[in-house]
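Please examine the structure shown below together with its sequence. The paragraphs that follow lead through it step by step.

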Amino acid sequence: MRVNEYLAHGWDIADATGQPTDLAPELAERALEQWRSRFRSAPRQPGGPFGPEVPAPPEATAADRLAAFLGRKAVNG
């Protein structure tokens, strides 16, 4: 859970400061698998800790796909 938290917030900081968001590709891929398994099709509301999934572009990195799954939209992307 901590790794997932660090990846999500690390992505937030990288995106907000205009830094590369391709964080730990293998860990991000595994975290995405875990979150997909945990949430399945459970509804997520805007304003909650994790918003509804947003579309990720086809060329998105694993960390970008993870962020999109958790409802984050790139500020600098």
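Gly71 follows helix 3 and has a positive phi, near 90°. Helices here are DSSP runs (H or I, at least four residues), numbered from the N terminus. The model is a predicted one, in which local features need pLDDT of at least 70 and side-chain atom pairs count only at pLDDT 80 or more, while totals for chains, interfaces and linings use all residues. Residues are numbered from 1 along each chain as its sequence is written, and side-chain values use heavy atoms, with hydrogens and water left out.

Helix 3 itself comprises residues 62-69, and because six of its eight residues are buried, it is largely enclosed by the rest of the structure. Buried means under 20% relative accessible area, exposed means over 50%, and partly exposed lies in between (1.4 Å probe, protein chains only). The buried residues of helix 3 are Ala62, Ala63, Leu66, Ala67, Ala68 and Phe69. What do they pack against? Their partners are helix 1 and helix 2.

The packing of helices can be stated in numbers. Two packed helices are described by the angle between their axes and the distance between the axes. For helix 2 and helix 3, the angle is about 25° and the axes are 8 Å apart. Such axes are lines fitted to C-alpha atoms, for helices over the stretch in contact, and the angles run from 0 to 180 degrees between N-to-C directions. Helix 2 and helix 3 are therefore roughly parallel to each other. Angles under 35 degrees count as roughly parallel, over 145 as roughly antiparallel, 65 to 115 as roughly perpendicular and the rest as oblique. On the side of helix 2, Pro25, Ala28, Glu29, Ala31, Leu32, Trp35, Arg36 and Phe39 meet Ala62, Ala63, Arg65, Leu66 and Phe69 of helix 3. By class, this contact of helix 2 with helix 3 has 10 nonpolar, no polar and three charged residues. In this classification, Ala, Val, Leu, Ile, Met, Phe, Trp, Tyr, Cys and Pro are nonpolar, Asp, Glu, Lys and Arg are charged, and the others, Gly among them, are polar.

How do the axes of helix 1 and helix 2 cross? They come within 10 Å and cross at roughly 110°, helix 2 being residues 25-39. That angle makes helix 1 roughly perpendicular to helix 2. Val3, Asn4 and Leu7 in helix 1 meet Leu27, Ala28, Ala31, Gln34, Trp35 and Arg38 in helix 2. The residues of this contact of helix 1 with helix 2 divide into six nonpolar, two polar and one charged.

Asn4 lies in helix 1, which covers residues 2-16. Is Asn4 buried or exposed? Asn4 counts as buried because its relative accessibility is 3%. The side chain of Asn4 makes a polar contact with the side chain of Gln34 at 3.2 Å. A polar contact is a pair of N or O atoms within 3.5 Å; within protein, one must be able to donate a hydrogen and the other to accept it, and residues adjacent in sequence count only if both atoms are side-chain atoms. Asn4 and Gln34 are 30 residues apart in sequence, and their C-alpha atoms are 8.8 Å apart in space.

Thr21 has its place in the loop between helix 1 and helix 2. At 15% relative accessibility, Thr21 counts as buried. The side chain of Thr21 makes a polar contact with the side chain of Asp64 at 2.6 Å.

Methods
Helix = DSSP H or I, 4+ residues; strand = E, 2+ residues; numbered from the N terminus. Contact = heavy atoms within 4.5 Å.
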